[in-house]
Amino acid sequence: MSTQSQESASKTDHASGQLSAQSIRDACQLLYFAAERGRSIAPEIRGPLLAACARLRAGGALASEDEGGFLDAYARLAALMNPVTAVTLRASDKRFGERRLARAQFVSLGACIFTLSVLLLLATGESFRAGVVDIADAQRTLDQTQADLLAFGIRMDAKDPKQPPLAHEENATAQTTEDRQVTASDEKGASLKARWTALNAKITKEYGFLYERLSYHDVAGTYHSLLEYFTIPDAVAFIGSILGGFLLPLLYGALGTSVYILRSMYAKMIERSFDPSDVGEFVVRVFLGTLCGVTVPWLFLNGGKQLPGGLTPSLLAFLAGYSVELLFTLIDRLLVTAKELLQPAPATNGATASTVAATKVATT
């Protein structure tokens, strides 16, 4: 045999020995974990595995004639402990791994950080949407107050609202009925003007915050604001629609997905069944959950439909992110409906002919 062939055979034997030793270590860990969990292991499974473990601790290799019995016992033990394997055991329990923290603990820590980040973004978005709604309500109230003031013949200047002092008579008993009506009208007008002034100050303050957030500098360094191109109520309505129709449902979908991942991680860590390959599935699940959080409310609320059972769009987005199968179920239902609409109507000529024949027989 040539030197190259001898080196190749030596490498193959060395790799086979390493694989056999690793398999024995995996079987030993799984066997002792099964005993720790109180599983009853049959002697025909326990015997070959313990013999292989003893051979490995003694520094010897597993003989080829014993390898078949070891593999058969290991396969039966793996079927008994499913879904727990040696790989999931090392990834889920730091006692069986080589790290201070198990891989599952790292992944769960990342999932917790992601969940807290989503919650922080949701709190910011909901607070901003509440402010937008408050501004819109205040604007409607201000417009109504302005209309009432115009009905009284009073015109307010938004830039410098001034409230004239109320006219009071020292002797109220000497007022005539007409004087009382005039005084009541003045007091109502003054009350409307005071309300208008307070609402105008509030909206000016809130719009100032909005103006600063929508301001920017162009390439030349000139200061601009988006509010120069459209009115403030339009800007408020646009921001509210973007928040309520896209950003917040997306975040609620991501929150539902993160809750599902944390629940799955919790169950896998208890069972010691976390597989490192599950991380890729969780990443895909995050993208699917955020997509479902936006898509499912759009499909359900299309055409201004009301949600059944008192569901809100935010809750629906959360549920869609938690269970992405909801989107697939909805798509399958839409496909069935589309197929029924696209199928041609059945031919009625044969039915009409049979009906006419039956009518003739009945009349004869």
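Reader: Which residues in H2 meet H3?
Author: From H2, Glu44, Ile45, Pro48, Leu49, Ala52 and Arg55 take part. Their counterparts in H3 are Asp66, Gly69, Phe70, Ala73, Tyr74, Arg76 and Leu77. By class, this contact has 8 nonpolar, 1 polar and 4 charged residues. Keep in mind that this is a predicted model.

Reader: OK. At what angle do H2 and H3 pack?
Author: The angle is about 120°, and the axes lie 8 Å apart. H2 covers residues 43–57, while H3 covers residues 64–81. Angles over 145 degrees count as roughly antiparallel and 65 to 115 as roughly perpendicular, so H2 is oblique to H3.

Reader: And is the crossing of H2 and H3 left-handed or right-handed?
Author: H2 passes H3 in a left-handed crossing.

Reader: Let me step back. How many helices and strands does the protein have?
Author: There are 11 helices and 2 strands. Along the sequence the pattern reads α-α-α-α-α-α-β-β-α-α-α-α-α.

Reader: What share of the residues is buried?
Author: Of 364 residues, 29% count as buried.

Reader: And of the contacts between residues at least 6 apart in sequence, what share joins residues at least 24 apart?
Author: That share is 73%.

Reader: Other helix pairs, then. How do H8 and H9 cross?
Author: Their axes come within 7 Å and cross at roughly 140°. H9 spans residues 313–322. That angle makes H8 oblique to H9.

Reader: Which handedness does the crossing of H8 and H9 have?
Author: H8 passes H9 in a right-handed crossing.

Reader: Which residues in H8 and H9 meet?
Author: H8 brings Arg285, Gly289, Cys292, Gly293, Val296, Pro297 and Phe300. H9 brings Pro313, Leu316, Ala317, Ala320, Gly321 and Tyr322. Sorted by class, that contact has 9 nonpolar, 3 polar and 1 charged residues.

Reader: Changing topic. How many salt bridges are there in the whole structure?
Author: A search of the whole structure finds 8. As background, side chains of opposite charge can pair when their charged atoms come close.

Reader: Start with aspartate 93. Which residue forms a salt bridge with it?
Author: Its partner is arginine 95, with the closest N and O atoms 2.8 Å apart. Aspartate 93 has 6% relative accessibility, so this aspartate counts as buried.

Reader: What about arginine 129, what does it pair with?
Author: Arginine 129 forms a salt bridge with glutamate 126, and the closest N and O atoms are 3.0 Å apart.

Reader: How many residues apart are arginine 129 and glutamate 126?
Author: They are 3 residues apart in helix H5 (residues 103–151), so about one helical turn separates them.

Reader: Is arginine 129 buried or partly exposed?
Author: Arginine 129 is partly exposed, at a relative accessible area of 24%. Glutamate 126 also counts as partly exposed, at 24% relative accessibility.

Reader: Which residue meets aspartate 278 in a salt bridge?
Author: The side chain of lysine 268 does, at 3.5 Å from N to O. This pair links distant parts of the chain, as aspartate 278 is in helix H8 (residues 278–300) and lysine 268 is in helix H7 (residues 232–271), 10 residues apart. At 10% relative accessibility aspartate 278 counts as buried, whereas lysine 268, at 22%, counts as partly exposed.

Reader: Where is arginine 272 found?
Author: Arginine 272 is in the loop between H7 and H8. Its phi is positive, about 60°, although arginine 272 is not a glycine.

Reader: Last one. Is the peptide bond from asparagine 82 to proline 83 cis or trans?
Author: That bond is cis, with omega near 15°. Proline 83 sits in the loop between H3 and helix H4 (86–92).

How values were computed:
Residues numbered from 1 in each chain as written. Predicted model: local features only at pLDDT ≥ 70, side-chain atom pairs only at ≥ 80, totals over all residues. Heavy atoms only, no water. Axes fitted to C-alpha atoms, helices over the stretch in contact; angles between N-to-C directions. Helix = DSSP H or I, 4+ residues; strand = E, 2+ residues; numbered from the N terminus. Parallel < 35°, antiparallel > 145°, perpendicular 65-115°, else oblique. Left-handed = near helix turned anticlockwise from the far one by under 90°. Contact = heavy atoms within 4.5 Å. Nonpolar A, V, L, I, M, F, W, Y, C, P; charged D, E, K, R; others polar. Salt bridge = Lys/Arg side-chain N within 4 Å of Asp/Glu carboxyl O. Buried < 20%, exposed > 50% of the residue type's maximum accessible area, 1.4 Å probe, protein only.
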